[in-house]
There are 2 protein chains.
Amino acid sequence: MVSLQSKTEKVRRGGQADFFTRVADYLAGDLDRVDDIIGEALQSQIGLTCEVARHIEAASGKRLRPILTLLAARAGGGPSDHVCHAAAFAELLHIASLLHDDVIDAAALRRGQPTVNKRWGNDVAILMADYTYSRAWEIAHTHLPTELMAAFCRVAAGMCDGEMFQIETRNRLLTEADHLFIIRCKTAGLFSACTKTGAALGGMPEAAVAALERYGMEFGLAFQITDDVLDFTADPRVLGKEIGTDIACGRQTLPVIRALERADGDDRAFLIAALNNGSAPQVILECVQKYGGIAYALDAARSHAQAARQALDRLPETPARQFLIELTELVINRAY
Amino acid sequence: MVSLQSKTEKVRRGGQADFFTRVADYLAGDLDRVDDIIGEALQSQIGLTCEVARHIEAASGKRLRPILTLLAARAGGGPSDHVCHAAAFAELLHIASLLHDDVIDAAALRRGQPTVNKRWGNDVAILMADYTYSRAWEIAHTHLPTELMAAFCRVAAGMCDGEMFQIETRNRLLTEADHLFIIRCKTAGLFSACTKTGAALGGMPEAAVAALERYGMEFGLAFQITDDVLDFTADPRVLGKEIGTDIACGRQTLPVIRALERADGDDRAFLIAALNNGSAPQVILECVQKYGGIAYALDAARSHAQAARQALDRLPETPARQFLIELTELVINRAY
């Protein structure tokens with residue numbers, strides 16, 4: 001798996017880079033507008049806040065949530081300025097949650113840069129996240145209709161619910177159903193709210209909004225499962241963050257849940273001990289692979305990606321729909 | 001100062017208890033309604049979240065922000081269900097900010113109970129605050145008109161700004177103007193938004209809304225300054241939390257700013273060293289008192305309380321106004 005990945009890595013990264021260049025061309029001004037709204041939201045009269053904001057913006061991600069929001073809007077009608085605000089809002093929520101996640105995990109690296117908690121301390125990271133949340137809600141309140149705002153509120157609360165459930169269940173083994181609940185809450189819910197909001201603001205009929213909402217959820221599940229696989233298998237230089245952190249934090253992701261279902265004796269005891277006290281990432285990976293944990297998780301990711309693909313079946317053929325289809329292929333081959 | 005306080009403590013606590021009993025009688029059903037809304041907002045499908053929520057509710061404070069919101073509404077017209085939601089929203093924002101503050105300060109005690117971070121860990125406290133924020137924004141979005149919601153968004157962002165400024169200026173001495181900016185942001189802004197919102201939702205004319213907004217700001221400044229004095233002088237058993245934490249965290253509050261303006265030589269060097277590395281609270285207090293820091297801060301608190309009192313001059317004479325006047329007296333004699 002690891003050697004396979006390094007062989008195909010160049011091809012994959014090329015494919016991804018190409019995709020993100022093309023989608024940026026297609027979305028053009030809208031994506032710039034989203035960046036401007038985010039930049040403006042993170043402005044402050046306090047120098048330190050602005051300094052941290054610049055650090056966050058310099059190491060910005062692929063803007064996947066804004067891209068999905070804008071594509072969903074274009075798959076129906078056209079984007080409006082409200083769609084750009086919704087897209088920026090979703091990204092700000094995501095940024096805030098990453099800031100807090102990195103404090104919770106004591107993470108040192110994010111997107112190839114030192115995390116805010118590493119560079120400025122936990123206090124600054126916690127406050128910067130709160131600032132980002134406040135600014136995000138201000139945007140949402142000003143630009144989103146009530147029912148969409150309510151959906152985002154539920155998603156934001158759900159992101160906490162998912163993490164709280166993960167903490168609550170630290171001392172017992174998770175089932176696959178538990179795990180599905182967690183990743184729906186933590187990740188897929190926000191993607192789903194993005195595509196739903198984009199579609200609704202783009203003026204699509206109800207059935208198409210529901211289809212795009214489903215797309216976002218299934219895409220998000222595929223995305224999170226491959227993310228969890230990458231935490232075992234990725235090259236940290238490519239990923240831009242440390243690997244092996246899930247196990248180190250005692251988080252049971254699909255590969256290890258599957259392996260634990262099938263392992264017994266010493267291997268089972270080893271995996272449980274690794275969840276409690278950590279162990280060398282390579283040794284853990286070998287044990288998980290021995291019981292097919294990685295392959296099983298990748299199969300699950302493929303199923304969700306396929307379900308996302310199918311949700312688009314009845315949408316009119318547009319360039320936006322084509323990009324959304326491409327994303328369901330990229331998501332299971334990602335190295336980012 | 002300390003012995004004076006312990007002598008009058010019983011009287012003061014009696015006065016406060018009496019006030020809060022009478023105001024609770026006056027506001028009656030509305031305050032219960034606020035508690036219900038808060039309780040409902042903190043409900044979750046996750047057991048751990050509910051457990052932490054029960055802990056927070058069992059050690060709930062005086063509900064000062066809801067009380068101010070409801071009194072401001074009654075000083076004008078009558079309260080509505082929207083006012084109760086605004087009051088609950090303000091308290092939820094406050095609860096969330098305390099949860100994060102306690103993580104940042106590594107505080108072990110709050111309202112006589114172990115803090116959430118102490119009992120469940122930083123991760124749970126951070127997530128519980130985020131959950132509380134999300135639920136608060138949902139309430140605000142559903143029940144507040146746009147312009148009031150925008151005011152609260154600015155206040156919430158300002159609370160972070162104030163703390164970020166405090167961190168940014170850790171390595172230099174603060175002026176009184178710096179300090180005023182910090183406490184406006186961190187504390188008084190929220191009180192001011194409460195009284196403004198209550199007045200506006202209570203249907204008061206514009207000038208009265210502005211007067212109550214000013215009342216909240218001045219009351220909040222007096223409140224924070226006495227709070228900072230109590231961190232030097234209070235009995236921790238009465239206060240329900242540790243004292244001496246401001247200096248221990250390197251926070252320059254008004255008593256120490258004043259003392260540093262007047263001290264020189266060894267005393268000045270001692271205070272600066274105490275801000276950097278801490279020292280015995282009793283020794284710090286003696287040094288601050290030697291330069292009149294406590295008396296100066298209490299004078300400043302009295303001035304702000306008087307300005308709050310004067311803001312009420314032109315309001316019609318109602319029981320609500322009378323309670324607001326009483327609060328300006330209690331705030332400078334508080335032991336809570």
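This is a predicted model: local features need pLDDT of at least 70, side-chain atom pairs count only at pLDDT 80 or more; totals for chains, interfaces and linings use all residues.

Visitor: What makes the meeting of R170(B) and D123(A) a salt bridge?
Guide: The N to O distance between their side chains is 2.4 Å. The cut-off is 4 Å between a side-chain nitrogen of Lys or Arg and a carboxyl oxygen of Asp or Glu, so the pair qualifies. Between chain B and chain A the count is two salt bridges, and over all chains it comes to 28.

Visitor: Why is the pair R251(A) and D105(A) called a salt bridge?
Guide: Their side chains meet at 3.1 Å, N to O, and the limit is 4 Å, so this pair is a salt bridge too. The two residues are 146 apart and link distant parts of the chain: R251(A) sits in the loop between α12 (245–248) and α13 (254–262) of chain A, D105(A) in helix α5 (residues 81–105) of chain A.

Visitor: What area do chain B and chain A bury between them?
Guide: About 3700 Å², 70% of it on carbon and sulfur atoms. In chain B, the residues that lose the most area to chain A are L127(B), H141(B) and M164(B), together 19% of what that side buries. The contact takes 39 residues from chain B and 39 from chain A.

Visitor: Why are α3(A) and α8(B) called roughly perpendicular?
Guide: Helix α3 (residues 47–58) of chain A packs against α8(B) at an angle of about 95°, with the axes 8 Å apart. The range for that label is 65 to 115 degrees, so the two helices are roughly perpendicular to each other. G47(A), L48(A), T49(A) and V52(A) of α3(A) make the contact with D161(B), M164(B), I167(B) and E168(B) of α8(B). By class, these are four nonpolar, two polar and two charged residues.

Visitor: How do you know what to call the arrangement of α5(A) and α9(A)?
Guide: Compare the angle with the cut-off: α5(A) and helix α9 (residues 176–201) of chain A pack at about 170°, with axes 9 Å apart. Angles over 145 degrees count as roughly antiparallel, and that makes α5(A) roughly antiparallel to α9(A). In this contact, H82(A), V83(A), A86(A), A90(A), L93(A) and H94(A) of α5(A) meet L190(A), C194(A), T197(A) and L201(A) of α9(A). The residues divide into seven nonpolar, three polar and no charged.

Visitor: What makes α16(A) roughly antiparallel to α17(A)?
Guide: The axes of helix α16 (residues 293–311) and helix α17 (residues 319–330) of chain A come within 9 Å and cross at roughly 170°. With the cut-off at over 145 degrees, α16(A) is therefore roughly antiparallel to α17(A). A305(A), A308(A) and R309(A) of α16(A) touch R321(A), I325(A) and T328(A) of α17(A). This contact has three nonpolar, one polar and two charged residues.

Conventions: Residues are numbered from 1 along each chain as its sequence is written. Chains are lettered from A and ligands numbered from 1 in the order in which they are written. Side-chain values use heavy atoms; hydrogens and water are left out. Axes are lines fitted to C-alpha atoms, for helices over the stretch in contact, and angles run from 0 to 180 degrees between N-to-C directions. Helices (H or I, at least four residues) and strands (E, at least two) are DSSP runs, numbered from the N terminus. Angles under 35 degrees count as roughly parallel, over 145 as roughly antiparallel, 65 to 115 as roughly perpendicular and the rest as oblique. Contact means heavy atoms within 4.5 Å. Ala, Val, Leu, Ile, Met, Phe, Trp, Tyr, Cys and Pro count as nonpolar, Asp, Glu, Lys and Arg as charged, and the others, Gly among them, as polar. Buried area is the accessible area (1.4 Å probe) that two parts lose on being put together, summed over both.
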